[in-house]
Amino acid sequence: MGLLKAAAEAVSTTLHNQWLEALRSEDMGNNILMVKKTTENRIIPNGSKIIVQPGQVAVIYDTGEIIDAVAEPGYYEFNTDTAPSFFSGEFGTVFKEMWSRFKFDGQVSKEQAVYFFNVKEIIDNKFGTPNPVEYKEWGHPIYNEGTKSYMPMRVEIKCFGNYTFKIVNPALFMEMIGGPAEVYTKEMLTDQIRAEVIGAFSNVINSLGEEKYKVDVLSLPNQTDQIKKIMSEEDFDKPTRDRGIELIAFVIESLTLDDESKKKIDNYEMGADNQMQRGALTGAYAEAIKNAAENTSGALNGFVGMGMANMVAGGTLAGMATGVAGRTSNESTKTDDTWECKNCKIAVKGNFCSQCGEKKPE
């Protein structure tokens, strides 16, 4: 048994009523993924017409077995004397072996039907991370005094977005999900696939924060292509593909930092102007520098009182505090706009050093 493609002239006025009786599935839209069509007595008569619309795959089912399938739009005739053609059209012969051995266990009663699969891209599927995801933020690196190197700031983010998917292996989809159901809709799959998407997305986010990519956290919404590429290359979407489905597009529509992460970044950007110091002077460090600078009679004591001077090896903060105190004391005696750049050791007029760009101390 198999399908024969009907000639174009077969769709004529003389056969108009016959085509109205044909097995078909109208536009399946963005919701129906699989639908079963059969006759009133569940037997497909020899010579029956089957219409395959664009974006559909038609599968012929006979008493628990798949006997033929077609992925090319057109008009077909079911012929009991014809050998199976197995997937003309875009799917080729890739799935021929799977279809030929595909069976529904326990289906013993005589029944014939046509299963139509929606193989168009299914759009407008929302996702969101229910819990914050940890991210290594290289856009605000922190200097590690011990290793003399930079390390990423650890922040936590929540993302919301949209993804699209497509049935790329109807046989696998039918075997793993659809089965012999009368109809299978997107809503029946939404919760499961969303959970898998969030899991895959979390793995991708972890990858984008590694040294190989070092993507700034605020640039993540622009990494659509990279996210999809990493997801496929690293096999992060394997659970979805194991169901015959492929994630096609992936878009981050909004990204938010949790309150603690916002505070980290704000403190970082309010720290010292020298980049090496900026990495160390976050949070309480920045506040200590500010307080010490305002205390012209005892900047170092301000640090010691907070227990800060002993927190950094080699007296880094103590040295910085002394520098602040010295600058504050010296500047209080100056009567002009000239100041000494601590990096270049030259006299500077104006707000910035012309050699290194160091900002004039407050």
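Two strands count as paired if DSSP finds at least two bridges between them. In this predicted model, five strands form an open sheet on that basis, in the order 6-5-8-3-12, with antiparallel pairing. Strand 6 (65-70) and strand 12 (183-185) are at the edges; each has a single partner strand, so one side of each is left without a neighbour in the sheet. From one strand to the next, the twist averages 20°.

Within this sheet, strand 5 and strand 8 pair in the antiparallel sense over seven bridges. Q56 stands opposite N118 in strand 8. Strands of a sheet pair through backbone hydrogen bonds, either parallel or antiparallel.

A search of the whole structure finds eight aromatic pairs. One of them joins Y61 and Y115 in an edge-to-face arrangement, with 5.6 Å centre to centre and 85° between the planes. Y61 belongs to strand 5 (residues 56-62) and Y115 to strand 8 (residues 112-118), so this pair ties together parts that are 54 residues apart in sequence. Burial is assigned under 20% relative accessible area. Y61 counts as buried because its relative accessibility is 1%, and Y115 counts as buried because its value is 0%.

Y163 and F165 form another aromatic pair, which is tilted: the centres are 6.5 Å apart and the angle between the planes is 35°. Both Y163 and F165 are buried. Ring pairs also link F117, F173 and Y184 into a cluster. A pair of aromatic rings is described by the distance of the centres and the angle of the planes.

One of the residues in that cluster, F173, is also among the buried residues of helix 3. Seven of the nine residues of this helix (residues 170-178) are buried, so helix 3 is largely enclosed by the rest of the structure. The buried residues are P170, A171, L172, F173, M174, I177 and G178. An α-helix has 3.6 residues a turn, so residues three or four places apart point the same way. After helix 3 comes G179, with a positive phi near 60°.

A further ring contact involves a charge. The charged end of K214 sits over the ring of W138, at 4.3 Å from the ring centre.

Technical notes:
Residues numbered from 1 in each chain as written. Predicted model: local features only at pLDDT ≥ 70, side-chain atom pairs only at ≥ 80, totals over all residues. Heavy atoms only, no water. Phe/Tyr/Trp six-rings, centres within 6.5 Å; stacked < 30°, edge-to-face > 60°. Helix = DSSP H or I, 4+ residues; strand = E, 2+ residues; numbered from the N terminus. Buried < 20%, exposed > 50% of the residue type's maximum accessible area, 1.4 Å probe, protein only. Lys NZ or Arg CZ within 6 Å of the ring centre and 35° of its normal. Axes fitted to C-alpha atoms, helices over the stretch in contact; angles between N-to-C directions.
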